[in-house]
Amino acid sequence: MVQFLVNRIWSMLPVLLVLSIVTFAVMRLIPGDPVEIMWGGEVNREAVEAARARLGLDRPLPLQYLWWLSRVGRGDLGFSLRTHQPVTEAIAQRLPVTVELTLIAMGLVLLVGVPLGVLVSVRRQTTIDTTTSVLSLVGLSVPSFFLGIVLIDLLALRLHWLPSLGYVSVTERAVDNLRHMILPAVALAAGLAAVILRMVRGSMLEVLSQEFILVARSKGLRERQIIFKHALRNALLPVVTVAGLQMGTLLGGTVLVETVFGLPGVGRLLLDGILARDYPIVQGTVLLLAAARVGTSLVVDCLYASLDARIRFE
Amino acid sequence: MAATGVVGLALLFVVLMTAIMAPAIAPYSPTKQDLDHVLARPSRQHLLGTDDLGRDLLTRVMYGARVSVTAGFVSVGAAALLGVPLGLAAGYYRGISDTIIMRTMDGLLAFPALVLAMAITAALGPGIRNVIVAVAAVTCPAFARLARGQVLLLRELEMVAAARAVGMGDGRILFRYMVPNMMSVLIIQGALSVGQAILTEAGLSFLGLGIQPPTPAWGSMIEIGRRYLEQTPWMSLGPGIAILVTVLGFNFSADALRDALDPRLLRTGGREA
């Protein structure tokens, strides 16, 4: 297992390298001089040059990249050009919102996707199978921000069941926090729940057609036992991988959902950073979201390897 | 073909015809303002109502189809034109070119698609051309991975060995024997990708980073609708349903195509939204 982990981390290094180069390069393409953005408009030339030298912006790009990388390695993502707050601090303030949103959404995805996937795989080619498969394609096709708006309109503005906008910290009022999080999490989860449902269905059908299921049946085991104990356990393996990899979709989706529901998360920080051309904020959040995705895939790989010995020795 | 496939193609036909015929069938000009009828309810004159500047929403939804469909097809076309040759080269020549190409693609795939697209439009600026570049960049790795996987499968076939034995060049082997054999999976990936590309474009436009007003784009129309949600809740419905129908058309069609071919074929590539 240790060897597997070492190999896996080793193979991730080039990905992280590409990731950091892309993040750095893209931000250097942003129009406008960072120093002028920082000071806004009229400034004297010498002061600008001095500030550029202090920030290292007068050095060649490869050197700037190495300098930036070494700082990132030490956990220093620089300062916001607008608020002068350290980027790590700004992200740390927003991170709990995004993490909570993503986790609740992932919970909903598994809670809906897995049982429904099992159900339709057992009731193959019945009305419920067809209906669910059509509905899951609708779920895949609806933009999360549009679904969010429809949910706000129906459940918040018309029926007054849930609040439409804003955020309450979980440490302040836990119940209120949950009430604020339900609609955004549903909007975020819908698309992925559809993916997982289809995945579970396909995977279950594959496992159910294998010989060991036939053996289990011929031994006279009860159907419930065959489905949950024998089939589902095997069918869930590929689903774990996909669910992990799809965390990236959820993380990307948080930008849209946080914008619709006015949640102060990392996605919203990224958007505000882009709109204000606050490039250290943009760089920091993009890097964090991409690294979170790579990190999740590492965790998923390890989980997968610990569940299935064949992977470890490949 | 399954019933969903027929429905999918029918939906796409309606959307494409609307996009092509918009100037002929739309009741108004997409930029014509009627300041006496701002935020009007749906009525006989304005079937979907009007927006905050008194522009007819039905007209703008129709013209929005042109923008979305163009952005979807052009960006996926560009992604395929770039990604497929890269994947072919990586899979056929293996070695160092494989490592460099595929590690770069993995690096791009490490970003959540929307986040990378946002970063690229932030760098290049908004507008339809830059949105297409951004969406193509996030779509390209899926094509490269798919093409590479297919080459690895196809290169083991006897016809390739035979072609090589009679002294056929690499280019001819790739484009005469390999590309035609992977066309069906590429088309399925293409259909799925256009749907995803339309969703990404709409997301960018919703965030204000994509197509800019007064050009009618579904994403930015939904954003305007959101601002007036309490007064005129129907404003977002038209463009929202338009996106849903279009993406659904692509997903239904891709699904039916995949079932008609081999359900296992697409496992080698693909990217989530």
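## A tour of chains A and B

Start by showing both chains and colouring the places where they touch: the contact takes 41 residues from chain A and 43 residues from chain B. Keep in mind as you look around that this is a predicted model.

Now stay on the chain B side of that contact. Select helix H3 (95-110), helix H4 (113-124), helix H7 (170-206), helix H8 (218-227) and helix H9 (237-260) of chain B; each supplies at least two residues to the side that touches chain A. Which helix gives the largest share? Highlight H4(B), which provides 9 residues. Next, colour this side of chain B by residue type, and you will find 27 nonpolar, 10 polar and 6 charged residues.

Zoom out to see chain B as a whole. Its elements are 9 helices and 0 strands. Its C-alpha atoms fill a box of roughly 75 × 40 × 30 Å along the principal axes. Of its 273 residues, 52% count as buried. Look also at contacts in chain B between residues at least 6 apart in sequence: 73% of them join residues at least 24 apart.

For the last stop, select residues 174-208 of chain A, which form helix H8. A straight helix of 35 residues would reach 51 Å at 1.5 Å a residue, but the end C-alpha atoms here are only 42 Å apart. Where does H8(A) bend? Click on A:Ala189, where the bend is about 40°.

Conventions. Residues numbered from 1 in each chain as written. Chains lettered and ligands numbered in written order. Predicted model: local features only at pLDDT ≥ 70, side-chain atom pairs only at ≥ 80, totals over all residues. Helix = DSSP H or I, 4+ residues; strand = E, 2+ residues; numbered from the N terminus. Expected span 1.5 Å × (residues − 1). Bend = angle between axes of the 7 residues up to and from the residue. Contact = placed C-beta atoms within 7 Å. Nonpolar A, V, L, I, M, F, W, Y, C, P; charged D, E, K, R; others polar. Buried ≥ 20, exposed ≤ 12 C-beta atoms within 10 Å, placed from the backbone.
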